[in-house]
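Q: I would like to learn how to read the features of a model like this one. Could we walk through it together?

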Number of protein chains: 2
Amino acid sequence: MPHAPTTPRPAVVRFGPALPGLPAVLARSPVRAGTDLARANGALVTFGADPGALATGIADAELLRWVQLPTAGIELFADALDARPDLVWTSAKGAYARPVAEHALMLTLAVLRDLPRRVTARTWQRRSGTSLHGLRVVVIGAGGVALETVRLLKTFRTHVTVVRRLALPVDAADRTVVQEHLGSVLPDADVVVVAAALTDATRGLLSRDALALLRPTAVLVNVGRGALIDTDALVDALRRRRLRGAGLDVTDPEPLPDGHPLWDEPRCIVTPHTADTQEMIEPLYLDRIRINLAAFAAHRDLIGRVDVAAGY
Amino acid sequence: MPHAPTTPRPAVVRFGPALPGLPAVLARSPVRAGTDLARANGALVTFGADPGALATGIADAELLRWVQLPTAGIELFADALDARPDLVWTSAKGAYARPVAEHALMLTLAVLRDLPRRVTARTWQRRSGTSLHGLRVVVIGAGGVALETVRLLKTFRTHVTVVRRLALPVDAADRTVVQEHLGSVLPDADVVVVAAALTDATRGLLSRDALALLRPTAVLVNVGRGALIDTDALVDALRRRRLRGAGLDVTDPEPLPDGHPLWDEPRCIVTPHTADTQEMIEPLYLDRIRINLAAFAAHRDLIGRVDVAAGY
């Protein structure tokens with residue numbers, strides 16, 4: 001019986017520091033583990049890779065067709081994308097949604113239930129706090145983290161409005177509005193969770209004017225990127241008690257410098273961009289790589305394909 | 001046309017301080033709002049009622065058949081129950097499950113994600129934290145709060161073991177074991193949530209020996225009653241880093257006195273029995289009263305009937 005014609009197995013190389021578990025994933029995949037970026041068909045960028053070196057390394061890689069990035073956002077790798085817009089670029093968008101949305105929920109509950117003053121208390125204080133049940137929540141963004149956040153929020157019978165770029169309803173939400181209508185939904189919000197990508201269209205979206213629309217009882221949570229919020233305006237709003245509180249896993253600038261006024265706001269929780277730690281995301285990134293290696297070898301669509309024009 | 005025979009409408013009185021919303025609920029119910037406990041058929045105990053006065057007041061109330069208590073636990077009213085074991089007693093058990101389970105989840109996530117040191121930080125710290133996703137959780141109790149806690153935990157794909165008095169499986173859990181087997185499930189637990197009633201059978205359930213079975217990475221959360229845990233043993237375990245941390249909404253003694261060593265444990269979050277605040281529970285208690293007034297007038301089973309022998 002004649003053999004079926006053999007398809008050459010594509011060569012994929014790791015770019016960046018070693019990633020425990022990656023050799024095993026490559027060994028069980030339908031691709032060859034290459035060693036030379038210049039002759040590879042695909043590149044798997046690992047955590048801690050140098051973006052500048054990536055841009056240089058791929059510039060003349062003639063056989064390269066695909067680059068997998070390890071982060072959900074692509075800002076760090078903008079130069080590399082600019083250098084080779086002809087390639088298929090995939091990010092890890094959506095892959096780390098679960099831990100990040102979990103962190104967003106934790107920050108929301110912690111601010112609603114006055115955790116900052118509980119943690120610092122050395123005496124039995126008066127009871128206080130607000131239940132999340134039944135509140136009106138605005139989620140900004142409609143990517144993986146935002147959708148997982150909506151899923152978690154709906155387990156508390158909240159009313160959820162998603163604010164997104166596209167005029168495309170999110171099924172799990174009670175309401176979807178386009179970004180231009182943000183100002184019309186902020187005045188009714190009990191909680192606002194920012195989980196959008198940082199692009200030219202979203203930078204400073206929570207501007208001074210937007211923050212001024214929030215109720216003094218509103219809670220603001222950011223697990224997207226710090227620059228989505230006007231930090232100075234947020235500091236003013238917290239100082240003047242025009243917000244109940246804030247929970248920020250991302251800040252602008254980041255890292256938040258010592259002495260920054262946000263450190264001293266008693267109703268602001270700052271966590272050091274730790275919604276998804278390295279321990280949490282490594283197995284999730286390996287899962288994503290496993291799926292995309294199989295799809296790449298089979299000429300199927302890859303998950304997390306970057307829309308270079310949209311910026312995510 | 002002859003009238004149908006008239007059933008006398010039962011008289012129900014409020015016992016304790018005024019409760020906003022209660023007159024409207026009574027007015028729309030099928031019972032009469034009585035004024036005299038001595039001639040009432042039912043008594044609705046409100047928040048802040050004097051348990052001693054209740055025991056005295058009901059002692060000779062010959063027409064009384066039912067007493068509704070405003071709390072989930074019945075310890076406060078033990079003397080009143082002892083005085084009239086012939087009555088139908090209902091507690092608010094289950095009525096406040098949602099906010100209490102929400103608080104249990106908040107404490108769990110906050111300890112897992114190192115919130116105490118984030119709140120007190122004045123500098124950008126190293127990333128750390130553990131995701132709840134996929135962890136093994138032991139929930140102690142199978143009442144309303146415990147079941148709602150299981151529901152919330154399952155949205156994080158956790159493996160949930162319920163420990164209860166009765167040999168009756170909880171469907172939503174992955175595993176149910178009877179209380180006698182607590183010791184066999186503690187060594188594998190990443191998180192233990194205590195949500196049981198305080199009875200002679202559960203007092204000190206998390207004893208020094210039981211706590212010694214927990215992993216040093218385990219998180220202990222208590223939203224039940226303080227005396228379910230041996231406080232001194234818990235202090236020792238935290239000091240000696242034999243636990244990752246604890247989140248306590250209830251303590252023994254309670255209120256936790258100033259200077260108590262738990263206040264100074266950096267990995268222990270103490271909240272002042274505030275999982276369900278007055279604002280959260282008043283509407284939930286009115287809902288429960290509404291349902292039970294209708295059932296009482298119709299001679300149907302009441303919700304939250306106290307099993308005096310079991311103690312809850």
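Q: What is the area buried between chain B and chain A?

A: Happy to start there. The size of an interface is often given as the accessible area lost when the parts come together. Here the area buried between chain B and chain A is about 4,600 Å², with 60% of it from carbon and sulfur atoms. Buried area is the accessible area (1.4 Å probe) that two parts lose on being put together, summed over both. B:R113, B:W124 and B:R127 supply 19% of what chain B buries against chain A, more than any other three residues.
Before we go on, some conventions: this is a predicted model, in which local features need pLDDT of at least 70 and side-chain atom pairs count only at pLDDT 80 or more, while totals for chains, interfaces and linings use all residues. Residues are numbered from 1 along each chain as its sequence is written, chains are lettered from A and ligands numbered from 1 in the order in which they are written, and side-chain values use heavy atoms, with hydrogens and water left out.

Q: How many residues does each chain bring to the contact?

A: Chain B brings 52 residues and chain A brings 52 residues, where contact means heavy atoms within 4.5 Å.

Q: How many residue pairs are in polar contact between chain B and chain A, and which elements of chain B supply the touching side?

A: There are 26 residue pairs in polar contact between the two chains, both residues being at pLDDT 80 or more. A polar contact is a pair of N or O atoms within 3.5 Å; within protein, one must be able to donate a hydrogen and the other to accept it, and residues adjacent in sequence count only if both atoms are side-chain atoms. On chain B, helix 4 (97–112), helix 5 (115–120), helix 6 (144–154), strand 12 (268–270) and helix 10 (278–297) each supply at least two residues of the side that touches chain A. Helices (H or I, at least four residues) and strands (E, at least two) are DSSP runs, numbered from the N terminus. Helix 4 of chain B gives the largest share of that side, eight residues. By type, the residues of the side of chain B that touches chain A divide into 21 nonpolar, 16 polar and 15 charged. Ala, Val, Leu, Ile, Met, Phe, Trp, Tyr, Cys and Pro count as nonpolar, Asp, Glu, Lys and Arg as charged, and the others, Gly among them, as polar.

Q: How many salt bridges does the rule find across the interface of chain B and chain A?

A: Side chains of opposite charge can pair when their charged atoms come close. The rule (a side-chain nitrogen of Lys or Arg within 4 Å of a carboxyl oxygen of Asp or Glu) finds six across this interface. In one of them, B:R127 meets A:D276 at 3.4 Å, N to O. Over all chains, the count comes to 26 salt bridges.

Q: Where in the chain do B:R215 and B:D190 lie?

A: Their side chains meet in a salt bridge at 3.2 Å, N to O. This pair links distant parts of the chain, 25 residues apart: B:R215 is in the loop between helix 8 (208–212) and strand 10 (219–222) of chain B, and B:D190 is in the loop between helix 7 (182–185) and strand 9 (191–194).

Q: Are B:R215 and B:D190 buried or partly exposed?

A: Buried means under 20% relative accessible area, exposed over 50%, and partly exposed in between (1.4 Å probe, protein chains only). B:R215 counts as partly exposed because its relative accessibility is 30%, whereas B:D190, at 15%, counts as buried.

Q: How far apart are B:D287 and B:R290 in helix 10 of chain B?

A: An α-helix has 3.6 residues a turn, so residues three or four places apart point the same way. B:D287 and B:R290 are three residues apart in helix 10 of chain B, about one turn. They form a salt bridge whose closest N and O atoms are 2.6 Å apart. B:D287 is partly exposed at 35% relative accessibility, and B:R290 is partly exposed at 41%.

Q: Which residues of helix 9 of chain B are buried, and what covers them?

A: The buried residues in helix 9 of chain B are B:T231, B:A233, B:L234, B:V235, B:A237 and B:L238. Their cover includes helix 8, strand 10, strand 11 (245–248) and strand 12 of chain B. At the start of helix 9, a side-chain oxygen of B:D230 reaches to within 3.1 Å of the backbone nitrogen of B:D232. Just after helix 9, B:R241 takes a positive phi of about 55 degrees.
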